[in-house]
Structure formats: structure tokens, C-alpha cells
Amino acid sequence: MKKTILFTMITGCMVLALFSSCREKLEKKHIEDSKENLEVVAKETKDDIKTTVKKDWEKFKNESELVIKNTENRVTELRDKISKFDKKEQEKLHKTLDSLEQKNTRLKEKLAQRAHEFKEDLIVFNTSTKEKEQKFEQEVKHDIDEIKKALKKIITPDDSILDE
């Protein structure tokens, strides 16, 4: 009887040890599988972010370049209109237009720099990239809006608005 109890206890311990080691191996395998899945998801997410950000950038860049070109044309038109005023007023208006033209040129350079970064893959694509791009776009849009408002506020000697 003692032998049977002893044999049952030893067998039970062996079975418990066997299940315990199998469980550890299964947990390790599960952890490894989870890591691999996370790596795949992270890569897919990074690729999705890159695709989305690049697509959004191209759209924004094209729209911004068009606005900048229109601003350049508008400044040229205003310079032609200014030539009809007296010298003192011409100097004042040219100075204002020069300032706006410089701001427009800086915007153009800012876009060109960002386009270069995209073209040369100098941008690190991760979860914060979208936020950074949105911030950049907001800054550029704000600058564009300021230039547009300033162009609309150019006043002639007869107190009429030159831009309209």
C-alpha cells in the first residue's frame, strides 16, 4: 500500500513537471509569435504612415505652389498699377510689395526645402510624423493667409484699395 501511494505521488510529480515544462515552452512560443506579429504590424503601420503623409504632402505642395505663383503674379500686377502714382507714393507701395515678395520667397524656399527632404527620404516616418506635417502645413497656410491679407490692404493715395 505504501508503495502504491509512493508510486502515485512520484507519477503525479512527474506529470506535473511535464505539464509545467510544456506550458513554459508554449508561453515562450506565444511570446515569440506575439513579437513577430508586432513587428509586422509596426512595419505595415510605418508604411501606411509614409504613404499617407507623402500623398498629403504632394497635394499640399501643389496647392501651395499654385498660391505662391498667384501671389507672385498679383505682386507684378500691383507693381504695374503703382507706376501711375507719384514718386513718394510709389516708394511707399514698392517697399510694401518688396516686403511681401520677400515673405513669398521665404515660403517658396521653405516648401522647396521640405520637398527636398521628402525626395531624399530625409524624413523619419513614425506615428508623430503626421502631426509634424500638419503643424508645418498650418504654419505655411498661416503665412500664406498673412500675405493675402496684406496684399488686400494696400491703399492708394486716393484711399482706394489697390488690390480689388
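Start by selecting Thr-129: is Thr-129 buried or exposed? Thr-129 is buried, with a relative accessible area of 4% (buried means under 20%, exposed over 50% and partly exposed in between, using a 1.4 Å probe and protein chains only). Show what surrounds Thr-129: leaving aside its neighbours within four places in sequence, Thr-129 is in contact with Ile-49, Val-53, Ile-123 and Val-124 (contact means heavy atoms within 4.5 Å).

A word on what you're looking at: this is a predicted model, where local features need pLDDT of at least 70, side-chain atom pairs count only at pLDDT 80 or more, and totals for chains, interfaces and linings use all residues. Residues are numbered from 1 along each chain as its sequence is written, and side-chain values use heavy atoms, with hydrogens and water left out.

Now zoom out and switch to cartoon view. You'll find three helices and zero strands (DSSP runs numbered from the N terminus: H or I of at least four residues for helices, E of at least two for strands). Thr-129, where you began, is found in helix 3. Of the protein's 164 residues, 24% count as buried.

Next, select residues 87–119, which is helix 2, and residues 129–152, which is helix 3. They pack at an angle of about 160°, with their axes 10 Å apart (axes are lines fitted to C-alpha atoms over the stretch in contact, and angles run from 0 to 180 degrees between N-to-C directions). That makes helix 2 roughly antiparallel to helix 3 (the label for angles over 145 degrees). Want to see who touches whom? Show side chains including Leu-97, Leu-107 and Phe-118 of helix 2, and Phe-136, Ile-144 and Leu-151 of helix 3, which are among the residues making the contact.

Two of those names come up again. Which residues have the most contacts inside the largest nonpolar core? They are Leu-97, Leu-151 and Ile-154, in a core of 23 residues (a set of buried Ala, Val, Leu, Ile, Met, Phe, Trp, Tyr and Cys residues joined through side-chain atoms within 4.5 Å). The largest share, eight residues, comes from helix 1.

Last stop: click on Asp-121, in the loop between helix 2 and helix 3. Asp-121 counts as partly exposed, at 44% relative accessibility. Check its phi: near 55°, a positive value in a residue other than glycine. Most residues other than glycine have a negative phi.

Note on methods:
Parallel < 35°, antiparallel > 145°, perpendicular 65-115°, else oblique.
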